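The sequence and structure are shown first, and the description follows.

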Amino acid sequence: MFGVLFEQTTDGQRYIDWLLSGLGWTLALAIFGWWIAFAIGLVVGIGRTVQNPFFGALARLYVEIFRNIPVLVQMFLWYFVLPELLPSAMGDWIKQVPPPWGSFFPALWCLGLYTAARIAEQVRAGIEALPKGQAEAAAALGLSSYLTYRHIVLPQALRLIVPSLTSEVMGIYKNTSVALTIGLMELTAQARQISDATFQTFAAFGAATLIYLALALIAYQTMVFIDKAVRIPGAAPAEENKGSDVDDVKLESSLPGSMEVAK
């Protein structure tokens, strides 16, 4: 079924080389876009919880704009509209950026800023899930708001939200497929090109599907490993704590009769 991928193309390559090229652009978009999203989302998420009303309003405005506009529309805005809004010299310079970079950078910023709005809400939820007594205790000890967030609030909040960030990591890989609409030859675009050249639609998109599935599984397993490595002690799921509960019961039952609680 996938034998067509190993046939030669008109330019002397193989169709599987087209897929691997698209995979490279997909990975570049997802990896670099994720770090942009995480950095901006962290700042915006903190801004959603600070007491300063000005920064709180700016952070909420950012989230409402970038989270509620479809990513496809944002992709078109970055690629087609932004050069027209800038000064003519800068807009012409952006339009003259050679491919594929002329499509890669708009797609990168689009995915980064869109995902950042979603990460910001995860960070806000993680911060608000912490007991307020910790921040109050830090204030009683004389710590500033900056030191409280840096040493007490954020280290715990980020460890809490690792499971929920898993969906965002997997989502940015899938959202890279939208970049084909502005001419970037990522994985989905290459699969479509193979389909148009060979009329083997099932083989082309079947291979792309398997690659996306493998990327999602790798991202999931990586986040599971990170979650186990940084998990707050005692915050494990009930299934993982079941063994320790049984051990406690055995320990209590093995106590001498003189140490058992009188009923």
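In this predicted model, helix 1 (residues 15-47) packs with helix 9 (residues 187-198) at an angle of about 160°, and their axes lie 7 Å apart. An angle over 145 degrees counts as roughly antiparallel, and helix 1 and helix 9 are therefore roughly antiparallel to each other. Their crossing is right-handed. On the side of helix 1, the contact is made by Tyr-15, Trp-18, Leu-19, Ser-21, Gly-22, Leu-23 and Thr-26. Helix 9 contributes Leu-187, Gln-190, Ala-191, Gln-193, Ile-194, Ala-197 and Thr-198. By class, this contact has eight nonpolar and six polar residues, with no charged residues.

A second pair is formed by helix 6 (residues 132-140) and helix 7 (residues 145-160), whose axes come within 10 Å and cross at roughly 165°. That angle makes helix 6 roughly antiparallel to helix 7. The crossing of helix 6 and helix 7 is right-handed. Here Gln-134, Ala-135 and Ala-138 of helix 6 meet Thr-148, Ile-152 and Gln-156 of helix 7. The contact of helix 6 with helix 7 has three nonpolar, three polar and no charged residues.

The two pairs are set out below.

| Helix pair | Angle | Axes | Crossing |
|---|---|---|---|
| Helix 1 and helix 9 | about 160° | 7 Å apart | right-handed |
| Helix 6 and helix 7 | roughly 165° | within 10 Å | right-handed |

Individual residues complete the description. Thr-115 lies in helix 5 (residues 101-129). Its relative accessible area is 2%; buried means under 20%, so Thr-115 is buried. Leaving aside residues up to four places away in sequence, Thr-115 touches Trp-34, Ala-37, Glu-168 and Ile-172. Gly-33 is 82 residues from Thr-115 along the chain, yet the C-alpha atoms of these two residues are separated by 8.2 Å. A polar atom of the Thr-115 side chain also lies 2.7 Å from the backbone oxygen of Leu-111.

Two loops deserve mention. In the loop between helix 4 (88-95) and helix 5 lies Pro-100, which is joined to Pro-99 by a cis peptide bond with omega of about 0°. The loop between helix 9 and helix 10 (201-230) holds Phe-199. Phi of Phe-199 is near 60°, a positive value in a residue other than glycine. Phe-199 has a relative accessible area of 72%; exposed means over 50%, so Phe-199 is exposed.

Notes: Residues numbered from 1 in each chain as written. Predicted model: local features only at pLDDT ≥ 70, side-chain atom pairs only at ≥ 80, totals over all residues. Heavy atoms only, no water. Axes fitted to C-alpha atoms, helices over the stretch in contact; angles between N-to-C directions. Helix = DSSP H or I, 4+ residues; strand = E, 2+ residues; numbered from the N terminus. Parallel < 35°, antiparallel > 145°, perpendicular 65-115°, else oblique. Left-handed = near helix turned anticlockwise from the far one by under 90°. Contact = heavy atoms within 4.5 Å. Nonpolar A, V, L, I, M, F, W, Y, C, P; charged D, E, K, R; others polar. Buried < 20%, exposed > 50% of the residue type's maximum accessible area, 1.4 Å probe, protein only. Polar contact = N/O pair within 3.5 Å; in protein donor to acceptor, adjacent residues only side chain to side chain.
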